[in-house]
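Thanks for making the time. I have one model to go through, and I will take it place by place.

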Amino acid sequence: MSTKPFSADTSRAPSSEKLHRIDVAAGDDAIGATVTVTIDGIEVKVPMGTTILQAARKIGVKIPTLCNHDDLCIAGVCRICVVEVNGWRNLQASCAYPITEPISVKTNTQAIRKARRHIIDLHLANHYGECYTCRRSNNCELQALAKEYGVGHFRFGHPQEKRFKTDISSTSIVRDMDKCVLCRRCVRTCNDIQEVGCLAIENRSAHSQVMTFAGKPLANVICINCGQCINRCPTGALTEQDQTNDVWAMLDDKSKHVVMQTAPAPRAALGECFNLEPGTPVTFEMNTAFRRMGFDAVFDTNYTADLTIIEEGTELILRLYKALVQKEAVSLPQFTSCSPGWVKYIEHFYPDMLDHMSSAKSPQQMFGALIKTYYAQKKGIDPKDIVVVALMPCSAKKFECNRPEMKDSGFKDVDFGITTRELGKMVHEAGIDLPNLPKSDFDDPFGTATGSGVIFGATGGVMEAALRTVIELVTGKKVENFYDHANITPVRGFEGIRIVEIPITEVGPVPDIIKHLVPNWDWLKGVTVKVAVAHGTANAKKVLEDIKAGGPLSQCHFIEFMACPGGCLGGGGQPIPTNPEIRAKRAKAIYSEDAAYSVRKSHENPAVLQVYREFLKDGPCGHEAHHLLHTHYTPRGKFIS
Amino acid sequence: MLLTEQDKMTKLITELVEKNNRQRSALIPILQAVQAHSGYVSQFAMQVIADQLDIHATEVYSVATFYHFINTRPKGKFIIRVSSDMSSMMKGAKTIVRQLENDLGIKVGETTPDGMFTLEWTSCIGMNDLAPAMMVNDEVFTNLTPQRANQIVRDCKEEFRSHRQPIGRVGETATNTLTYASYSANTALKKALGMARPDVIAEVTASGIRGRGGAGFPTGMKWNFAATAKGDLKYVVCNADEGEPGTFKDRVILAKFADMVFEGMTIAAYAAGASQGVLYLRYEYTYMRDALEKVLEARRAANLLGQNILGKDGFNFDIRIQMGGGAYVCGEETALIESLEGQRGEPRNRPPYPVNTGLNDAPTIVNNVETLASVCCIIDKGGAWFAGMGSEKSKGFKLFSISGDCAKPGVYEMPWGKTIAEMLDMVGGSGAKAVQVGGYSGQLIPSSEFGRKLAYEDVATGGSVIIYGPERDMLEVAENYLEFFVEESCGQCTPCRDGNVVLLDGVRRLKNGTCSTHYLNEIVSLCDTMQIASKCGLGQASPNVLVALNKHFRDEILGREANA
């Protein structure tokens, strides 16, 4: 199976967007493997096929870019990165020019500066809107370029009126094509990284636009709401549905008991909204901020992440038991279901494989259901007065909480899903200096979660959390006996698809919590549990195709899928920009927070055990648990009427 | 759509997809076949095609909307497209359109309420010498007058009632293609097959012939690159996407000397070791397709194509025809290849070049129709014979498509190196104010420079000449050109997509007398950027006209009366 580091799949991109193959001699030292290029008089030795842009970065020469993105294949369309290459009459796009011979490059000449300035002028001539009213102001690549190149006036004019209707149909994503610069980063994201193919270029010439199928509203086409397009949009053309005013309204309404639940990934990224280094954890400062903003209780979604592990793990054990002992036909491998983008992806593209999906709800939705039942009863609050706000790294969570089936508490289980970016804005608006706040903890009765819950925020995290629990429940031994510090490192990392095999050589007694479901573990002895992890739905597609074809992944028992590259830490609601380096820093923050927890396994979370004792009395996957914590899926298919 | 109609459509698409081996590259022919069946490609059809080719419906939509001749919305049963090239405009195309609007009771861009007729402008259809001209569906009508146009509309109605399709009427183009006419078919191929492959390339190199499409890349060098490129599968593609306004010589060659083109392709295939050939024929020339297919059939029957051609062991080569979709930019070779792969016709980043990484990533020779036909003469009579004609840096003869204000428009064979004045004398165009050489993307030459030579070292050209008489308004010319480039830009790169819009707006300001000298200087400065920063030749060449106007006709274009 592919063990390539995460990278966009360009196999189906048009050739115009691919960098061509270059026959490179093997090994770094082989003759012809490297080439020396001169950039602005400075010589630099680079591997054959390196682009001029990459080579320039190595020696501190900054070439401006717009259509280029580290996660995406080459486009070479915006032309802002043009440079002079000796021997060429015209300028060359440095992002798309592979160095295969010792060329000499100039990046700063009068013609180049003039060309770049013209290109910015042309964009501004088509870019409707004021920076004041734009959500991407101060975080906009076009604005930054205009500043860098000293645009003093609109040389070729500036649109005075809106030309396109803003598409606000989607629960998650807003498209304002008046701000689009046609860099096609969203198109490449949607097609190459996510394999969703929601966005493409329509028409040609000045009529070309980024468009959905037949120009339909986003809500009516195949969009999984992952928001990866937002993360890569250089301007404010793509944003999330902003619900901050709705949340403020709830906070201002004194009759409402407004509860915040916060997912693990935002805390590793929120600091970026306050100019902190990516990967600076701000969990406990954030809690203080919530309270100052007026939230009545602050909970950690990691609590229900732990609960998810128990429910989903139990479901897996039941499936395995049925398959291995009772020889019943059950669908294996079981797929995780906590990523709403992934859920919608499989509903659209592989509806015939929905029986592989764990019926467990995502942590966000489990929490909503529990807050409006268990918590409401405990606190004596009428659930109709409770407002659940979920802070998520995700734009698809907005869609998820609006799914019609998500009201098992008798009310809409989660009222609002807001993104890390939206929270950042609210904190700014509230005049809160987040980095300098005192720290505070989460509220009871859900208390502090475990390290397993925290790592849900990274690709492989759900799998690692599940394995920690399953290994201990089955062997009766501490997972530390098998993996140092309980760090199951083989499932970590950023490879697109990873397979891990865990041979079960010994079994222990069945723990009390699931005793009523399986009599003993003898049937698992000698079994090699095979699990896999995939992130980015293009990789998910590869996994599903492999399963359909009966490949190695069809032999797996359990597979974790995350719609976004890097998992939730790279989610579509996270601060912009994103790139492999930023995602790695966020992952580091998440794993170090995990290491700092005293309790690091879901089944040891005292509050989780408490809820089974007090509320979900027939245990994991029992009747009550099924009612509140499990869901069903909708086969959607690919045809749009 | 009725369910039964959906079932029928699904069945049709299934058959088409199967016939094309489920290849995504067949997307455009599939779209065209669906359109031939139902007049347009419905959203349902696009989704079925996507499903069966295992791509996203949005990709199909994206490709379909790129091409002007693929309709994603219903149009009239008869789509009338009047050519908007400058030669047609000078010969009264606007009058034709006005009368059609009156007769049909609709404006350009609209469809009659009964769903019978749609009226549109279209980019040059390659009938400049027979202008004004228009297409009705796939059929071409030339030498139009308002009366003839009205008659054609009435004929369409009549033919619709009797379940027949209208049949186009293309006039005769005046030609003096002497060298081609005296060529004896297949002598070159027979001779080439008796030569070693490198010797064939050497002969072509010795002739000094350069690409006849306009870019002028040395053909021998191109063949040599492809021959030495690694790859078991190689292609020879004939670029018959003759979209450069004012050019129609390829149409004449394909109509009269198609065998020579296919023979040239076969020689190229032999020289480079290619096994597959494609003729990429512009949609506007659909009316010639059946005849061309027949030529191919005959060649296969005579073992001039197929396995072990003419007994040459192991030399297998065949040619298929693929239609364009109505996109000028597909004349750019990498855009053409994208189109052949079933994508939007957007030029690729270069390097790499098609000779290394072309169609389906295989080494590919893309040659113009005329280049391939001329190769036959070169192999037949020798490279030295060819190099003996022309000027120092421009070898051999060339076909020129001449139209506009002259007495004898047509296709003329001339050796390189003649002056523009000599050419004008030949066609009865003396007294012209300016001449457009090389199509809209070429150069506008004012009368003061008519002593310049038609040659790569002076005024290079793919062979198109449009003559402007003394009364012509150069701003109207520029407006027409820029309308064309705005429409035909593929839209991917900023300078071309947005720059042409700014230039067109500037020209209209000049025409309306509302352009300051300062702003004229601004847009002329933008021209510099477009010429060096655009991704492909289209955007690099589109500002030429404005640069020329500014240089040669600046006094004529400033200070116009408002709304003159």
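Start at A387(B), and set aside its neighbours within four places in sequence: what remains in contact with A387(B) is A206(B), S207(B), G208(B) and K395(B). Bear in mind that this is a predicted model. A387(B) belongs to helix α17 of chain B, residues 383–387. Is A387(B) buried, exposed or partly exposed? It has 15 C-beta neighbours inside 10 Å, so it counts as partly exposed. As for distance along the chain, A387(B) and T205(B) are separated by 182 residues in sequence, yet their C-alpha atoms are 9.8 Å apart in space.

Staying in chain B, go to the loop between α15, residues 333–340, and β8, residues 364–368, where P351(B) is located. The peptide bond leading from R350(B) into P351(B) is cis, and omega is near -5°. N360(B) is also in the loop between α15 and β8 of chain B. N360(B) is not a glycine, but its phi is positive, about 50°. With 15 C-beta neighbours inside 10 Å, N360(B) counts as partly exposed.

Chain A has a cis peptide bond to show as well. L332(A) and P333(A) are joined by it, with omega about -5°. P333(A) sits in the loop between α9, residues 302–324, and β12, residues 334–335, of chain A.

There is a positive phi in chain A too: S205(A), a residue other than glycine, has phi near 55°. S205(A) lies in the loop that runs between β7 and β8 of chain A, the latter being residues 209–211. Is S205(A) buried or exposed? The count is 20 C-beta neighbours inside 10 Å, and S205(A) is therefore classed as buried.

Next, the sheet in chain A. Five strands form an open sheet with mixed pairing, in the order β2-β1-β5-β3-β4. Which strands stand at the edges? They are β2, residues 42–47, and β4, residues 92–93; each has a single partner strand, so one side of each is left without a neighbour in the sheet. Further in, β1, residues 34–39, pairs with β5, residues 104–106, in the parallel sense over two bridges. At the residue level, T38(A) has S104(A) in β5(A) as its bridge partner.

Now the contact between the chains. Chain A contributes 44 residues and chain B contributes 44 residues. On the side of chain A that touches chain B, the elements giving two or more residues are α2 and β7, the latter being residues 200–202. Of these, α2(A) supplies the largest share of that side, seven residues. By class, the side of chain A that touches chain B has 24 nonpolar, 13 polar and seven charged residues.

So what does α2(A) pack against in chain B? Helix α2 of chain A, residues 110–124, packs with helix α21 of chain B, residues 517–533, at an angle of about 100°, and the axes are 9 Å apart. The two helices, α2(A) and α21(B), are therefore roughly perpendicular to each other. From α2(A), the residues involved are A111(A), K114(A), A115(A), H118(A) and I119(A); they meet L526(B), T529(B), I532(B) and A533(B) of α21(B). Sorted by class, this helix contact has six nonpolar, two polar and one charged residues.

That is the end of the tour, and I can take questions.

Notes: Residues are numbered from 1 along each chain as its sequence is written. Chains are lettered from A and ligands numbered from 1 in the order in which they are written. This is a predicted model: local features need pLDDT of at least 70, side-chain atom pairs count only at pLDDT 80 or more; totals for chains, interfaces and linings use all residues. Axes are lines fitted to C-alpha atoms, for helices over the stretch in contact, and angles run from 0 to 180 degrees between N-to-C directions. Helices (H or I, at least four residues) and strands (E, at least two) are DSSP runs, numbered from the N terminus. Angles under 35 degrees count as roughly parallel, over 145 as roughly antiparallel, 65 to 115 as roughly perpendicular and the rest as oblique. Two residues are in contact if their C-beta atoms, placed from the backbone, lie within 7 Å. Ala, Val, Leu, Ile, Met, Phe, Trp, Tyr, Cys and Pro count as nonpolar, Asp, Glu, Lys and Arg as charged, and the others, Gly among them, as polar. Two strands pair if DSSP finds at least two bridges between them. A residue is buried if 20 or more other C-beta atoms lie within 10 Å of its own, exposed if 12 or fewer, and partly exposed in between; C-beta atoms are placed from the backbone.
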